[in-house]
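Please examine the sequence and the three-dimensional model shown below. The report that follows takes up charged pairs, then a pocket, and then some local backbone features.

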Amino acid sequence: MFIEIIAQDLCTAYVDLIILAESSNVTKFEYNQLTSWHPGIVVFLNNLLQQLEMGSNAFKIAIILYSSGIDDVMTFTTNKNFGSNSISYLRPNLGGNRLDQALDVAVRMFDYYSRKDAVKRIVLLSGSPSENFPDTFIQVAKAKSIGVDFVAVGFGRNYDISEIKMIAPGWVLTVPDAGMLYSIVTRIATRLCKSPVHGQWSEWNNWSQCSVSCGSGVKSRKRDCNDPSPDFGGKYCDSTSQEDTECYIQSCYSFFNLITLLYLELTKMQLVQLDQLQLLAPKFKCQDLILKTSYYIFFLCVVLPLRIVNNVHGGWSDWSAWSSCDCIHGTRERIRKCNNPVPQHNGQNCFVDGHWSKWSSWSDCTVSCGNGSTTRIRQCNNPAPMNGGETCTGYTIDS
């Protein structure tokens with residue numbers, strides 16, 4: 001027996017609603033040697049429409065039947081009589097389960113036909129697992145990205161509870177048989193009339209400890225989008241949940257470490273003249289140190305930050321004379337060296353201009369008969385440009 005429910009108080013909200021009703025082989029109903037779509041689903045659809053106020057400022061409803069593909073569609077309507085009549089003409093295919101295709105159509109219907117500022121909601125009636133879960137997951141993500149709020153119902157024995165919980169986390173109803181769907185109509189209608197609750201940020205947490213035990217680091221603080229949390233299709237909080245700022249703890253250099261560093265720095269300088277040096281930013285904050293003598297201050301805060309700035313970049317020598325001819329290969333060569341001057345103090349090596357390799361063999365023709373084309377390639381690697389040298393001019397591909 002399937003029970004018709006006559007609503008007393010209609011649910012009113014400005015909602016664009018799409019009902020995704022599975023019409024696969026698990027919804028098949030046989031009676032007196034006749035096969036049809038389970039009448040419990042038809043009763044559910046009619047009862048749900050009866051409990052929702054439909055109109056230009058209320059619910060606008062569409063229905064998509066899906067199995068191996070899209071079996072049938074009732075387009076968006078605000079006319080309850082049209083909706084009720086259309087339900088009786090919906091025709092299921094009783095095939096497989098391509099929920100991903102139904103979700104794709106639903107997203108496009110929202111894109112094309114959804115009203116401005118209307119809440120977008122989907123009620124999913126699921127009796128079996130989708131046949132293409134990865135694509136279903138992608139389509140669910142697309143729907144949620146445009147603000148769709150999901151309500152999921154599992155019926156019968158074959159639905160995948162983990163799948164429908166993924167689709168509608170926090171709001172899933174189940175019944176043991178499609179003939180029991182009428183029993184949850186009022187709960188679903190009440191849920192569909194809920195206004196969206198948009199998320200708001202909590203207060204900032206306390207700052208974390210600095211990320212280092214000495215020197216410069218970072219500290220952060222966080223907040224949560226739970227005051228309140230978004231619900232019923234409400235939007236997540238704007239902006240960011242984490243804020244970072246710089247922090248500084250006393251210098252990492254002890255007296256012994258600083259003296260060692262001073263020795264290493266002076267070794268790098270190789271006793272060069274003072275006019276070859278330039279004062280750069282110190283590696284540490286001298287004002288944070290407890291300096292006991294003017295000698296200590298001078299060497300740690302003046303001499304130590306000195307760096308060699310006049311890097312010497314390498315230059316090519318003149319070419320040597322040509323060698324004798326190689327009678328076997330028919331070639332001769334000449335050389336030059338990167339020693340005019342030799343690169344020093346982190347200076348760059350001499351530049352090398354790029355040159356083309358030999359052309360490759362011609363490729364096969366693009367057709368087996370008639371007019372086609374063939375190509376060959378070369379690369380700028382004989383040698384490749386280095387140290388700021390010029391790249392090859394011309395084309396890589398010849399056809």
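Asp-16 forms a salt bridge with Arg-115, with 2.8 Å between the closest N and O atoms; a salt bridge here is a side-chain nitrogen of Lys or Arg within 4 Å of a carboxyl oxygen of Asp or Glu. This pair links distant parts of the chain, since Asp-16 belongs to strand 1 (residues 15–22) while Arg-115 sits in the loop between helix 3 and strand 6 (119–126), 99 residues apart. Helices (H or I, at least four residues) and strands (E, at least two) are DSSP runs, numbered from the N terminus. Both Asp-16 and Arg-115 are buried, where buried means under 20% relative accessible area, exposed over 50%, and partly exposed in between (1.4 Å probe, protein chains only).

The model is a predicted one, in which local features need pLDDT of at least 70 and side-chain atom pairs count only at pLDDT 80 or more, whereas totals for chains, interfaces and linings use all residues. Residues are numbered from 1 along each chain as its sequence is written, and side-chain values use heavy atoms, with hydrogens and water left out.

The structure holds six salt bridges, among them the following pairs.

| Pair | Closest N to O distance |
|---|---|
| Asp-16 and Arg-115 | 2.8 Å |
| Arg-108 and Asp-104 | 3.0 Å |

Asp-149 is buried at a relative accessible area of 7%, and Arg-121 is buried at 0%. Arg-121, Asp-149 and Arg-191 are linked in a network of salt bridges.

Which charged residue is buried yet has no salt bridge? It is Lys-80, whose nearest side chain of opposite charge, Glu-53, is 5.4 Å away, with Lys and Arg counted as positive, Asp and Glu as negative, and His and the chain ends not counted. Lys-80 is placed in helix 2 (residues 80–89), and a polar atom of its side chain lies 3.3 Å from the backbone oxygen of Leu-49.

The largest pocket has a volume of about 290 Å³. Of the 16 residues that line this pocket, the closest to its centre include Asp-149 and Phe-232. On a 1 Å grid over the protein atoms alone, a pocket is an open set of points where a 1.4 Å probe fits, with protein on both sides within 12 Å along at least five of seven lines, and lining residues have an atom within 4 Å of a point; the volume is the space filled by probe spheres set on the points.

The bond from Asn-340 to Pro-341 is cis, with omega near 5°, and Pro-341 lies in the loop between strand 12 (306–308) and strand 13 (376–377). The bond from Asn-382 to Pro-383 is likewise cis, with omega near 0°, and Pro-383 is in the loop between strand 13 and strand 14 (397–398).

Ser-239, a residue other than glycine, has a positive phi near 70° and lies in the loop between strand 9 (215–222) and strand 10 (242–249), where Ser-239 is exposed at 63% relative accessible area.

Technical notes: A polar contact is a pair of N or O atoms within 3.5 Å; within protein, one must be able to donate a hydrogen and the other to accept it, and residues adjacent in sequence count only if both atoms are side-chain atoms.
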